[in-house]
Amino acid sequence: MARKGSEDSAWIVSSKEISIVLGVSEARIRQYTKENAVVRVSHGKYDLPKSIKAYIAYLDSKRTEVVDKTVEEAYWTRARREKTELQVQVMRGDLHRSEDVERVMNEMLGHFRGKLLAFPSKMASRVAGKTDLTEIRDILKSGIHEAMTELAEYNAKDFYSEDVFIEEEDGLNE
């Protein structure tokens, strides 16, 4: 190794010498030069201290990329698991999509509204001529309960939509 006579005391080494120090081939040193993982000062000559710092930073960045990829894969796996858990809850009828709830509730409330609007006409004939207030109240109460039965009939299958499951296009169905 030759020591450069400047005040910054930089060590200038050949590509063969730096390849020995880093434990790689000279061809790999040329690749590292293109990737800025070593510092070349001229053809076949490298600044050893700066190259070591650059090489350490290069290795550090590669390690970070692997860690980032692992973290992202963990996030992706968690998201797929959560999606599957939600789909299972939908299949069991424990969870409903907001669009399905809105559709079913609109249908149920529409039917209920129709029964309420028909209530006076339907009940008028039943209470016509009655004078006993208890009997009239019981007839009206019976009609109200009949109309409210529509709202009490919950069926989880009414909330189930066939398009709950979207085909997996991510290629991760292994």
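Student: Which exposed residues does the face of α1 turned away from its buried side carry?

Tutor: Please note that the model is a predicted one. The buried residues of α1 are Ser-15, Ile-18, Ser-19 and Leu-22. Viewed down the axis of α1, these buried residues fall within an arc of 105 degrees, so they line one face of the helix. The face turned away from that buried side carries the exposed residues Lys-16 and Ile-20.

Student: Is Ser-51 buried or exposed?

Tutor: Ser-51 has its place in helix α3. Leaving aside residues up to four places away in sequence, Ser-51 touches Ile-18, Ala-37, Val-38, Val-39 and Tyr-46. Buried means under 20% relative accessible area. Because the relative accessible area of Ser-51 is 1%, this residue is buried.

Student: Is Ile-56 buried or exposed?

Tutor: Ile-56 is found in helix α3, which covers residues 48–92. Together with Val-21 and Ile-52, Ile-56 forms a nonpolar patch on the surface, with about 240 Å² of accessible area together. A residue counts as exposed over 50% relative accessible area. Ile-56 has 52% relative accessibility and therefore counts as exposed.

Student: With which residue does Glu-85 form a salt bridge?

Tutor: The closest N and O atoms of the pair are 3.3 Å apart. Glu-85 counts as partly exposed, at 42% relative accessibility. Its salt-bridge partner is Arg-81.

Student: Asp-100 forms a salt bridge with Arg-103; how far apart are the closest N and O atoms?

Tutor: Asp-100 and Arg-103 both lie in helix α4 (residues 98–127), three residues apart, about one turn of the helix. Asp-100 counts as buried at 4% relative accessibility, whereas Arg-103 counts as partly exposed at 34%. In this salt bridge the closest N and O atoms are apart by 3.8 Å.

Student: Which residue meets Lys-130 in a salt bridge?

Tutor: Lys-130 counts as partly exposed, at 33% relative accessibility. The side chains meet at 3.3 Å, N to O. The partner of Lys-130 is Glu-135.

Definitions and conventions:
Residues are numbered from 1 along each chain as its sequence is written. This is a predicted model: local features need pLDDT of at least 70, side-chain atom pairs count only at pLDDT 80 or more; totals for chains, interfaces and linings use all residues. Side-chain values use heavy atoms; hydrogens and water are left out. Patches are made of residues with over 30% relative accessible area and no salt bridge: like charges are joined within 9 Å, nonpolar side chains (Val, Leu, Ile, Met, Phe, Trp, Tyr) within 5 Å. Accessible areas come from the Shrake-Rupley method with a 1.4 Å probe; for residues, only the protein chains shown count as cover. A salt bridge is a side-chain nitrogen of Lys or Arg within 4 Å of a carboxyl oxygen of Asp or Glu. Helices (H or I, at least four residues) and strands (E, at least two) are DSSP runs, numbered from the N terminus. Buried means under 20% relative accessible area, exposed over 50%, partly exposed in between (1.4 Å probe, protein chains only). Contact means heavy atoms within 4.5 Å. The arc is that of the directions from the helix axis to the C-beta atoms.
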